[in-house]
Amino acid sequence: MQSPERVKVVVIGAGQAGLSVAYYLRRFELVAEQDFVMLDRAPGAGGAWQHRWSSLRLGTAHRVNDLPGMAEIGLSFDTADRNLPAKEVVADYYGRFEEHFDLRVRRPMNVRSVSNQGVDLLVSFEDLTPQPLEEQKARGLFGRRRKTFEAAPAPAVPRFELQTQFLVNATGTWGSPFVPYYPGMADFQGRHVHTSDYTEAADFRDKHVVVVGGGTSAIGFMLELEDVAAGLTWVSRRPIDWLDRQELDLEGASAAVARQDEAARSGRALPSIVSGTGVPRSRRIAAGIERGLLVARPMFDRIEADRVVWDGDEGGLARADVIIWATGFRPDLRHLSPLKLREKTGGVTVGQGAAWNDPRIFLAGYGPQASTIGANRAGRMIARQIMAMI
């Protein structure tokens, strides 16, 4: 392994939070690849949006607010084409943003760990760029024995290190899907699918599907699968809090933001966003409620081979070939484990974007900063703090 490069700042993640921080670092005249380095695990621009399903459109989920500086290049999500898949629009806009502000994001780079190295931090990461086809063939199968083939060892993934004064973690949550445990999960003979695995409704044609979750993703799946699945059941761990508005603006949901902030400051696990904001009753959703589609049953008690079962007073069962777990995500912080930032209460203590246990570490897009406006404000706040300490 080569000797590590040394820079002032490393930003992990090039989604909304990471790009916001990078924009303000550039405003303070820091130069990408010279003063700071951006590492992103995804193959292209777009943050978590590039992994979402193709039928998802802007305006059908939480609002996507503009990044700081987007107006300078004549872009705005408010005027974007809502007939195109959201993943394509966001990837296009973020890519143009990166190019205009010369952010030079390195991708696909997977950060394995961040550890202490004296006064600095050591960031260890690997290059996930696919090997050339010729090299893959050269490393194919070898050694025929007893009419079997022994697989060649997997090619070594190139690994690198960066030494840095400050680290901005902007990895979001997409890489850490959450599925709660329910009795019988291992006995289920059908498919367990998380939101992060969902690609298109056609995959579930003529299947009996149970959708779990009380947020916009679960509702979107119900609406998409209505005329595709053979049977459709919606269950939620809590009653749905319907809001009489067309679109949710997280900044206006002050109670939910306050709960996130309080949890982050106290080092507790972050609460669900939707549990504090509710779900907007758009025209499409209102029509789904009216025709009896969007009526959630309470959470089932157990899972059997081909069904989910309610015990007690609720009773009953629903056939299931597939269970879609639209149950959210958790902050993706595994690579920070060597720093021992996580509290016994389950979270990381964060105030004003900084880890209270280590002033070299900033967590952008964590807790109350998870909305796009929150991420933009955090970008400015974090960049200012870094510049004050450099």
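Predicted model: local features only at pLDDT ≥ 70, side-chain atom pairs only at ≥ 80, totals over all residues.
**Stop 1: a pair of helices**

Select residues 16–27, which form helix H1, and residues 86–100, which form helix H2. These two pack at an angle of about 20°, and their axes are 11 Å apart. That angle falls under the cut-off, so H1 and H2 are roughly parallel to each other. The crossing of H1 past H2 is left-handed. Now show side chains: H1 brings Gln-16, Leu-19 and Tyr-23 to the contact, while H2 brings Tyr-94, Phe-97 and Glu-98. Color them by type and you'll get four nonpolar residues, one polar and one charged.

**Stop 2**

Next, pick Ser-124, in strand S4 (residues 120–127). Is Ser-124 buried or exposed? Its relative accessibility is 16%, so Ser-124 counts as buried. Leaving aside residues up to four places away in sequence, Ser-124 touches Asn-110, Val-111, Arg-112, Ser-113, Phe-160 and Glu-161.

Hop over to one of those neighbors, Arg-112, which sits in strand S3 (residues 109–117). Arg-112 has 43% relative accessibility and therefore counts as partly exposed. With the residues up to four places away in sequence again set aside, Arg-112 touches Ser-124, Phe-125, Glu-126, Arg-159 and His-335.

**Stop 3: a five-stranded sheet**

Switch to cartoon view and find the open sheet with parallel pairing, whose five strands run in the order S8-S17-S9-S10-S13. At its edges are S8 (191–194) and S13 (297–298), each pairing on one side only. For a look inside the sheet, select S9 (residues 208–212) and S17 (residues 322–325), which run parallel and are joined by four bridges. Which residue of S17 stands opposite Val-210? Click across and you'll land on Ile-323.

**Stop 4: a covered helix**

Finish with helix H4, residues 216–225. H4 is mostly covered, with seven of its 10 residues buried. To highlight the buried ones, select Ala-218, Ile-219, Phe-221, Met-222, Leu-223, Glu-224 and Leu-225. What lies over them? The cover includes S9 and S17, along with strands S10 (231–236), S11 (242–243) and S12 (279–280) and helix H7 (283–290).

Key: Residues numbered from 1 in each chain as written. Heavy atoms only, no water. Pairing = 2+ DSSP bridges. Axes fitted to C-alpha atoms, helices over the stretch in contact; angles between N-to-C directions. Parallel < 35°, antiparallel > 145°, perpendicular 65-115°, else oblique. Left-handed = near helix turned anticlockwise from the far one by under 90°. Contact = heavy atoms within 4.5 Å. Nonpolar A, V, L, I, M, F, W, Y, C, P; charged D, E, K, R; others polar. Buried < 20%, exposed > 50% of the residue type's maximum accessible area, 1.4 Å probe, protein only.
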